[in-house]
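Here are some notes to read alongside the structure, written for someone meeting it for the first time. Please keep the 3D view open and look up each residue as it comes up.

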Amino acid sequence: MQLADSYLYKDILIWEKIQKSERIDKLLQALAFQIGNQVSYNEIGQMIGLNSETVEKYITLLEKAFVIFRLPAFSRNLRNELKKTRKIYFYDNGIRNALIKHFAPMELRNDSGALWENFCISERIKRNFFNGISTNCYFWRTTQQQEIDYIEESDGMLSAFEFKYNPKKKARIPLTFSRNYHENSFEVITPENFVEWLE
């Protein structure tokens, strides 16, 4: 809580001379409740009383301050793929939880799946950066609600990943994806195998 209160806005407010920090509070809280879901700048703007251009500006500033990051949709122009959308994640789950004041253990939460997804993606991006591994990062979804949580593209190859906090939950690669993108691998990441995945 102290970290969230002291560091989140300091640089942003100084850089941009922004006076209404409560709007950034509301923006971050809205984003915190939407991790793992697609984000509409227009919808968030309506929720917190800002236009979509201002929402995008604040999100860009929060990215520069390494509070959040955007994950774009992957598409090679199949008709049913979502193209102009994005998901937004936090670099630190603790900051995300502080924003919504929810620190219950994973077993007692209704957002454990979203937290697990956020943790895995953010830690993988950090791991790639620190190891000098260059990849393009995406999620994938169709209008029929077929989805892949996370995709890395490197040298023309696609590595697809699903994140399941419960290791007993099954996940399979969507047929639309496997039929159209043959140069891929697929793996389910759970608490049982995530350490190896992040090495």
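1. A polar contact is a pair of N or O atoms within 3.5 Å, where one atom must be able to donate a hydrogen and the other to accept it. With that in mind, look at the start of helix α6, where a side-chain oxygen of Asp 92 comes to within 2.6 Å of the backbone nitrogen of Gly 94. Please remember throughout that this is a predicted model.

2. How many of the residues of helix α6 are buried? Helix α6, which spans residues 93-100, is mostly covered, with 7 of its 8 residues buried. The buried residues of α6 are Asn 93, Ile 95, Arg 96, Asn 97, Ala 98, Leu 99 and Ile 100, and a residue is called buried here because its relative accessible area is under 20%.

3. Just after α6 comes Lys 101, which has a positive phi of about 55° although Lys 101 is not a glycine. Lys 101 belongs to the loop between α6 and α7, and with a relative accessible area of 58% Lys 101 is exposed. Gln 145 sits in the loop between β3 and β4, and its relative accessible area of 51% makes Gln 145 exposed.

4. Two packed helices are described by the angle between their axes and the distance between the axes. For helix α3 (residues 21-32) and helix α5 (residues 52-64), the axes come within 11 Å and cross at roughly 80°, and α3 and α5 are therefore roughly perpendicular to each other. On the α3 side the contact is made by Arg 23, Ile 24, Leu 27, Leu 28 and Leu 31, which meet Val 55, Tyr 58, Ile 59 and Leu 62 of α5. By type, the residues of this contact divide into 8 nonpolar, no polar and 1 charged.

5. In soluble globular proteins, nonpolar side chains tend to be buried together. Here the largest nonpolar core has 28 residues, and those that touch the most other members are Leu 27, Leu 28, Leu 31, Ile 44, Ile 59, Ile 68 and Phe 90. The elements giving two or more residues to this core are α3, α4, α5, β2 and α6, and the largest share, 6 residues, comes from α3. For Ile 59, leaving aside neighbours within four places in sequence, the contacts are Leu 27, Leu 31, Tyr 41, Ile 68, Arg 70 and Ile 88. A second, separate core has 15 residues, among them Leu 71, Ala 73, Tyr 91 and Cys 137.

6. Not counting residues up to four places away in sequence, Thr 176 touches Asn 80, Trp 140 and Gln 146.

Definitions and conventions
Residues numbered from 1 in each chain as written. Predicted model: local features only at pLDDT ≥ 70, side-chain atom pairs only at ≥ 80, totals over all residues. Heavy atoms only, no water. Axes fitted to C-alpha atoms, helices over the stretch in contact; angles between N-to-C directions. Helix = DSSP H or I, 4+ residues; strand = E, 2+ residues; numbered from the N terminus. Parallel < 35°, antiparallel > 145°, perpendicular 65-115°, else oblique. Contact = heavy atoms within 4.5 Å. Nonpolar A, V, L, I, M, F, W, Y, C, P; charged D, E, K, R; others polar. Buried < 20%, exposed > 50% of the residue type's maximum accessible area, 1.4 Å probe, protein only. Core = buried A, V, L, I, M, F, W, Y, C linked by side-chain atoms within 4.5 Å.
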